[in-house]
Amino acid sequence: MEGMLEAVRKAAVEKYPRKVNRKIQYGTAGFRTREEYLDHVLYRMGILAAIRSQTKKATIGAMITASHNPEEDNGIKLIDPAGEMLEATWESHATFLANVEDEDLASAIKTIVSKENVSMDVTATVYVAMDTRKSSQRLSEALQCGVQAAGGTCKDYGLLTTPQLHFMVRCVNTNNQYGTATEEGYFQKLTTAFCKLRQQIAQKTDNMYKSTLTLDAANGIGAPKAYKLTSYLADYLTIDICNDGSSGKLNYLCGADYVKVQQKPADGMTLHCNARCASFDGDADRIVYYYADKDGKFHLMDGDKIATLVAGYLQELLSRSGLTLNLGLVQTAYANGSSTAYITKNLKVPVACAATGVKHLHHRALEFDLGVYFEANGHGTVIFSENASSQIQSAAKDSSLSEIQRDAAAQLCTVMDLINQTVGDAISDMLLVELILATYGWEINDWDSAYIDLPNRQLKVKVKDRTVITTANAERTALTPDGLQQAVDSLVVKYEHGRSFVRPSGTEDIVRVY
């Protein structure tokens, strides 16, 4: 222990001292801020990742990215053994360790080790990957230095999307039962499932679905990975990739967040009548679809629209299979009221509301046998419980069931392989949407016609201290400061189906207004 602490102290002083006296907080998406403030933070997160690995006796992931933030920012997300977000109780450890003075670093590490009763003789392993930001390589080196100073070993995957690293971590910690922990393994699992299901559709139906898609890759890591994806898809999907990083700036006038908030297409995208377009965000864990109608009007197909499409499809397969599994859909306060009404009244699928942030949705989705969760921003996936997976696999082989039931169960088995269950994944979600549209023989306007969104606006306000505002009821009610919620209520009551809420950002000093 003392030898490790001396190595940690030496590297901190010589290579990664804390030069900037500004507090940084581990939020819903890890740390995110200007890249020049992060060197000491990444070094220390390497140490924490190694300690977390020893605690869990498993491989931990460390993804260097700031997702949809501007190119000048960067950040880090730690990934737990099952490919999920870092356990909430360890977020405070991350914040604590990132902010202590250099001379207190050793004692801070001792505090965490003691509190978590960490066995220091366990070998620590950390999988590391990064996005395409110019600062990512430098910060990756800082993180790996921290892991090594703490006595751990790293596997450096280089450039990956965030969901790909989540996938790798889940694979290695399940002894490759979930898949093979390589990029080839990732693409093989998803695309084999996609092509198998698409082949079945081609054999059974003669539909009008057009297998072409224009993709805005946000000038980020999604671009090279989308190019790689196309080599696996045969003729089942043709992707025309724009904003591929060859000229534009990461997330600037492009990407899923820009399209969602601005309600207009990404820069460089030409919209043709009813032709499908989609946008990834900077680290490819979000996706939104959109199109122009015959009058040239822009239509957004956000996370709510994707969630209803997926839930309806899974409900149909479950119904045909005869399996009595509990399907549910998890949304946040940002979900459009029309989508919630459609899901509950038309699809008859239970809806739960969770606080903003994928970790909250993910945990709530675990309460269902099949939990569909999507934020309106396009981040989401489907989780199948162990019970659901077992029942579906058994039903696919059960000769006592009808051919229709077995076939539906077999399709569900393949769909499970198509979905990256660890986290929202733009590539996986894109393939799932394309599969469902092909299954129904729909074009994008057919999908859009399921329900009409209520008009809505979002904005963000910069503040000195976002912690002044606290919320409850899945962030839909402001508790402090006094009078804020009453002021909101007095405005909302004037409008039929009106709704508004105010919440602090989880990562930066801004307040978000819906």
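How many of the 19 residues of H10 are buried? The count is 15, so this helix is largely enclosed by the rest of the structure. Buried here means under 20% relative accessible area, exposed means over 50%, and partly exposed is in between (1.4 Å probe, protein chains only). Helices (H or I, at least four residues) and strands (E, at least two) are DSSP runs, numbered from the N terminus.

Before going further, a word on what you're looking at. This is a predicted model, in which local features need pLDDT of at least 70 and side-chain atom pairs count only at pLDDT 80 or more, while totals for chains, interfaces and linings use all residues. Residues are numbered from 1 along each chain as its sequence is written, and side-chain values use heavy atoms, with hydrogens and water left out.

Back to H10, which covers residues 303-321. The expected span of a helix is 1.5 Å times one less than its number of residues; for H10 that gives 27 Å, and its end C-alpha atoms are 27 Å apart, so the two agree. Just after the helix, Gly 322 has a positive phi of about 80°.

Now for the rings. The structure has 15 aromatic pairs, where rings of Phe, Tyr and Trp (its six-membered ring) pair if their centres lie within 6.5 Å; planes under 30 degrees apart are stacked, over 60 edge-to-face, and the rest tilted. In one of them, Phe 167 and Tyr 186 have ring centres 5.3 Å apart and planes at 85°, so they sit edge-to-face. This pair links distant parts of the chain, from helix H6 (residues 162-173) to helix H7 (residues 183-204), and both residues are buried. Tyr 440 belongs to helix H15 (residues 426-440), 127 residues away from Tyr 313. Tyr 313 is buried at 3% relative accessibility, whereas Tyr 440 is partly exposed at 22%.

A charge sits over a ring if NZ of Lys or CZ of Arg is within 6 Å of the ring centre and within 35 degrees of the ring normal. Lys 305 does this with Tyr 451, 3.9 Å from the ring centre, and Arg 170 lies over the face of Tyr 178 at 4.4 Å.

Strand E6 (residues 212-216) is another enclosed element, with four of its five residues buried. E6 pairs with strand E7 (residues 238-242) in the parallel sense over five bridges; strands pair if DSSP finds at least two bridges between them. In the loop between E6 and helix H8 (222-230) you'll find Ala 218, which has a positive phi of about 60° despite not being a glycine. Ala 218 is buried, at 0% relative accessible area.

What about disulfides? With a disulfide taken as a pair of cysteine sulfur atoms within 2.5 Å, the count is zero. Cys 154, for instance, has its nearest cysteine sulfur, that of Cys 145, 9.7 Å away.
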